Amino acid sequence: MADEPLIRAQRIAAGKGAASVFEALSFDIAPGSFTALVGPNGAGKTSLFETLLGLVPLRAGKLTVMGGRPRRARRYVAYVPQASKLLNDNALIGREFVSAAYHAHRWGMPLPFGLRHQTQAVDEALETVEARDLARRRLSTLSGGQRQRLLIAQALVSDPSLILFDEPLSQLDPAARDRVVSVADVLTRRGIAVIFSTHDVNPVLRVCDQVLYLAGGRGRAGRVDEIICDRTLSELYGTPMRVISEEGRRFVFEGSQRRLQAVGQ
Amino acid sequence: MTVPEFLRYDFMQNAFLATTIIAVMGSLVGYFVVLRRQAFGSHALSNIGFAGAAGASLIGAEPMVGLLVFVLGAALLMAWSGRNVGERDVSVGMILMFSLGLGALFINLYSANANAAIGILFGSVFGIDASQIRWITITSLVVLAGLVAIFRPLRFASLNPDAARARGIPVSLIDTLFLLLLGAASAIAVPVIGALLSFAIFIGPASAAQAWSGRIGVGLALTVLLSLVESLGGLIISYYANLPASSCIAALSFGLYALSRMTRYASPGFFLPRLRG
């Protein structure tokens, strides 16, 4: 691992309203690492992303992204929204959709004879997410998982060092989930750091290097067995929690052994 | 070279020139309107022009100036008044309603010529004069230059606004600039096609082109081609059949749109005769 982390957060607090969504949150993101950002709905996963992008100001603590202030690093960070948030009657083909991110921060218009580099970058991105077959298909005819892979390809076209995935697995069937997770895993092997938000840690257990768990306005980062365990989760939620491991999967329950209630499934 | 009969008159030459410019510029802006699902905003901006033109006539000012001032002001209000589309639909409708009320008032006060209202609402392309041609040309060049200038960020922000914002692209600024370009385009299109019929140039060709091509470059070229066929074809039909020009353009625009819905997603080969058995 490199000495210099891509992101260093030291006791940060952030939020849009009167109260902070999370406080005293500390973690490091190493280059090329896979971080699962886990927590129930409303725990502040999206707020954390907005903070990392410099869209929401810090309330406390110190945060550096690529050695500087978050806003200055935005060109090296890509954000992948949920596929379901996009217009589903978009008539464009996959290749056009992916191309849209190429040099998007520049003004002006690409000229038809200068498109070689763009075509090459888009081809590579489509290849990486195993979506060459989607290049000529209309977005409106694609499934959620196929659109999610095109969104990842679009993020890759801007050549980022870090990609933030916002709940990419929601509304996908298990096969499509596995495919999105393995694509994200491939990216880390190319040196791109991934922060992958999900309310269920199980689909990413086999690929993640660390877990960043947000709950009850607090958060903890560490290895899977340090975080998804009775003691840490009970501290975070502020109430007794139980973790049951079964066939390599982890299930989080609220309460004592007698009355268990599933959380975040 | 022989000049066709319909081009021998000055008013017809002006009509052709104005229609050609509006057809090219309006349909290119319209391509992004369709891509961004802002058809209602586009319709509203043209109709808001009604109040501007009527107000300018009332105080004896150049109608083009009234149109531009009113429509650009409304575009700014729209950009201001809400980010998400659902929220925007209501505020756009309210701005439209208020300005139509103002327009009705201006027409009522300017009782000298009630026909003025018909001209604004349904267009009066055969009444375009040289001064209007100048306004149309200059404004169109500005709008096209603006569209070229914001093309890359506009494309990304239209297709994936959340990712664009994360990348540091000023999405709200791009939204506002685009609405201003659309406003200027709508304002100068009003005398040609009419406030009520602007869909014929802004929405019809672009949505047909998007049904037939999923590529932006091809789509833009096809949009311009369809728009020219519809509007110049409409003018010629109107001359020979002695029908209102706007009605002919609207009918052609609707016809091509309907055809595009029926043959949507067909490959280009669909339209070609089969050469091999």
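This is a predicted model: local features need pLDDT of at least 70, side-chain atom pairs count only at pLDDT 80 or more; totals for chains, interfaces and linings use all residues.

Colleague: Next, Asp185(A) and Arg189(A), which meet in a salt bridge at 2.6 Å, N to O. Which of the two is buried, and which is exposed?

Modeller: Both lie in helix H5 (residues 174-189) of chain A, four residues apart, about one turn of the helix. An α-helix has 3.6 residues a turn, so residues three or four places apart point the same way. Buried needs under 20% and exposed needs over 50%. At 63% relative accessible area the exposed one is Arg189(A), and at 14% the buried one is Asp185(A).

Colleague: Chain B has a salt bridge between Asp162(B) and Arg165(B). How far apart are the closest N and O atoms?

Modeller: The two residues are three apart in helix H8 of chain B, so about one helical turn separates them. Asp162(B) is partly exposed at 27% relative accessibility, and Arg165(B) is also partly exposed, at 25%. Salt bridges are counted within 4 Å, and here the closest N and O atoms are apart by 3.5 Å.

Colleague: How many salt bridges are there over all chains, and what is the count between chain B and chain A?

Modeller: Side chains of opposite charge can pair when their charged atoms come close. Chain A even has a network of salt bridges, linking Arg95(A), Asp123(A), Glu127(A) and Arg132(A). Searching the whole structure gives 14, whereas between chain B and chain A the count is zero.

Colleague: And how many residue pairs are in polar contact across that interface?

Modeller: Start with the setting: 30 residues of chain B are in contact with 37 residues of chain A. The rule for polar contacts, with both residues at pLDDT 80 or more, gives a pair count of 11.

Colleague: Which helix gives the most residues to the side of chain B that touches chain A?

Modeller: Several helices of chain B supply at least two residues each, including H1 (10-35), H6 (130-149), H7 (151-159) and H12 (216-241). The residues on that side divide into 17 nonpolar, six polar and seven charged. With six residues, the helix that gives the most is H7(B).

Colleague: What area do the two chains bury between them?

Modeller: The size of an interface is often given as the accessible area lost when the parts come together. Here 57% of that area is on carbon and sulfur atoms, and the total is about 3100 Å². On the chain B side, 26% of what is buried comes from the three residues that lose the most area to chain A: Arg152(B), Leu159(B) and Arg167(B).

Colleague: How far apart are the end C-alpha atoms of helix H3 of chain B?

Modeller: H3(B) has buried residues, among them Met64(B), Leu68(B), Val71(B) and Met78(B). The helix runs over residues 63-80, which is 18 residues, so at 1.5 Å a residue it should span 26 Å. The model agrees, with the end C-alpha atoms apart by 26 Å.

Colleague: Back to chain A: which residue's backbone oxygen does the side chain of Thr198(A) reach?

Modeller: Thr198(A) is in strand E7 (residues 193-198), and it is buried at 4% relative accessible area. Leaving out residues up to four places away in sequence, Thr198(A) touches Leu37(A), Lys45(A) and Glu167(A), among others. At 2.8 Å, the backbone oxygen reached belongs to Asp200(A).

Colleague: Last one: what is the phi of His103(A)?

Modeller: His103(A) is in the loop between helix H2 (94-99) and helix H3 (116-128) of chain A, and it is partly exposed at 23% relative accessible area. Its phi is positive although the residue is not glycine, at a value near 55°.

Technical notes:
Residues are numbered from 1 along each chain as its sequence is written. Chains are lettered from A and ligands numbered from 1 in the order in which they are written. Side-chain values use heavy atoms; hydrogens and water are left out. The expected span of a helix is 1.5 Å times one less than its number of residues. Buried means under 20% relative accessible area, exposed over 50%, partly exposed in between (1.4 Å probe, protein chains only). Contact means heavy atoms within 4.5 Å. Buried area is the accessible area (1.4 Å probe) that two parts lose on being put together, summed over both. A salt bridge is a side-chain nitrogen of Lys or Arg within 4 Å of a carboxyl oxygen of Asp or Glu. A polar contact is a pair of N or O atoms within 3.5 Å; within protein, one must be able to donate a hydrogen and the other to accept it, and residues adjacent in sequence count only if both atoms are side-chain atoms. Ala, Val, Leu, Ile, Met, Phe, Trp, Tyr, Cys and Pro count as nonpolar, Asp, Glu, Lys and Arg as charged, and the others, Gly among them, as polar.
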